[in-house]
Amino acid sequence: MHKLTLDDVDVHGQRVLIRVDFNVPLNTSEDGRPCVGDDTRIRAALPTIRHVLDHGGKAILVSHLGRPGGQPDPDLSLACVADHLGTLIEERVRFSSNTVGETVEEVINGMSDGSVILLENTRFDSGEKTNDTAFSKALASLADVYVNDAFGAAHRAHASTAGVAEFMDVAALGRLMEDEIEALARIRDTPAHPMVAILGGSKVSDKLGTIRALSETADHLLIGGAMSYTFLKMLGHEVGASRVEADRLDTAEELYKQAEGTIALPTDHVVAEAPEAEAEALVVEDDIPEGLMGLDIGPATVDAYRARILDAATVVWNGPMGVFEVDQFADGTTAVAEALADASDDGAFSVVGGGDSVSALTQSGCADRIRHVSTGGGALLAFFEGASLPGVEALTDA
């Protein structure tokens, strides 16, 4: 799959519609106004934005934010994101309260080359999620060139990710999208061995395809989080009040057998009556007593997983090992983050993706030691499964 990139396109004097992923958490500032809570995804888009500005193009940015349900929601406006972006690039960032229409076209046509505007949340229009042809055409009418730099939304066939590209003569990959595909393809297609995949999170059902796919390439699959208790229950262990997908026990057995001994499961657990800060946390081995739930991997499991990670030439991580938002259940997730960083320091190619994993990685202070931190969660899993990414497939072939 070879698609046009920014290096193939002359953007000078061109109106360049850039699909970014500014679906960022929002906070409230001291003066009561909305503000950006975490700008990781905004910073990830800067190389593409900077390229267009430095080469004399008009950068027209579009993104979704949250789930407004196809209608305007002041709490999910991108206005504060425009302000924040301006501080990062040290340029004036215009903001349009509309996403498409004559007013937007007039503003864009009046902009000078090398300037930037952010349009309002694409999901304020019901045509975004339905990939409506009229909305796609309206977006396309704003620009001469389309660039998709939103890897986190590439697995969705929405108007601003796939539909608009169908109506553009030139539709190219952005810098971030290029980096994502290159790094993840290395994991999926040509990993150096030993390869270790670490999968956590709540549900086995969310990662069925990923487990199947990675079991064919990884030497070790290290499982943590609530999804591990479905596997342990299937193997006959008592898991107390831990979360179990009872309707997925047969599937877990099938996956476990298919993986042919590559799946590793926790042998001890940090447990409590509830995932609350005031709950008394205990470490138990093997079975979990009735009334208690597993909320983190235990120290013996941490040591075993760390040893596998440090021995790896390739490591990929998606999903926390426990309820890391609560301090007493965060040690396992933090230990995995630190082990990945140490492995990276020793030369391993490491990739971390998924919102919770990236948050935990940032919380651990190890993010800058990982080779590639992905902005995708669902897109990352879809890529590993070999599924189509509509936001990439729709771009112009090189």
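A crossing of two helices is called left-handed if the near helix is turned anticlockwise from the far one by less than a right angle, and right-handed if it is turned clockwise. The structure discussed here is a predicted model, in which local features need pLDDT of at least 70 and side-chain atom pairs count only at pLDDT 80 or more, while totals for chains, interfaces and linings use all residues. Residues are numbered from 1 along each chain as its sequence is written, and side-chain values use heavy atoms, with hydrogens and water left out.

Helices (H or I, at least four residues) and strands (E, at least two) are DSSP runs numbered from the N terminus. Axes are lines fitted to C-alpha atoms, for helices over the stretch in contact, and angles between N-to-C directions run from 0 to 180 degrees. The table lists two helix pairs.

| Helix pair | Angle | Axis separation |
|---|---|---|
| H8 (residues 208-215) and H10 (residues 249-258) | about 15 degrees | 10 Å |
| H2 (residues 46-54) and H3 (residues 79-89) | about 70 degrees | 12 Å |

The angle between H8 and H10 makes this pair roughly parallel, where angles under 35 degrees count as roughly parallel, over 145 as roughly antiparallel, 65 to 115 as roughly perpendicular and the rest as oblique. H8 passes H10 in a left-handed crossing. In contact, meaning heavy atoms within 4.5 Å, Leu208, Ile211, Arg212 and Ser215 of H8 meet Thr251, Glu254, Leu255 and Gln258 of H10. The residues of this contact comprise three nonpolar, three polar and two charged, with Ala, Val, Leu, Ile, Met, Phe, Trp, Tyr, Cys and Pro counted as nonpolar, Asp, Glu, Lys and Arg as charged, and the others, Gly among them, as polar.

H2 and H3, by their angle, are therefore roughly perpendicular to each other. Leu46, Ile49, Arg50 and Leu53 of H2 meet Leu85, Leu88 and Ile89 of H3, and the residues of this contact divide into six nonpolar, no polar and one charged.

A charge sits over a ring if NZ of Lys or CZ of Arg is within 6 Å of the ring centre and within 35 degrees of the ring normal. The charged end of Arg186 lies over the ring of Phe349, 3.9 Å from its centre, and that of Arg188 over the ring of Phe383, 4.1 Å from its centre.

Two loops hold backbone features. His193 and Pro194 are joined by a cis peptide bond with omega of about 5 degrees, and Pro194 is in the loop between helix H7 (175-189) and strand S9 (195-199). Asn131, a residue other than glycine, has a positive phi near 55 degrees, and Asn131 is in the loop between strand S6 (116-119) and helix H5 (133-140).
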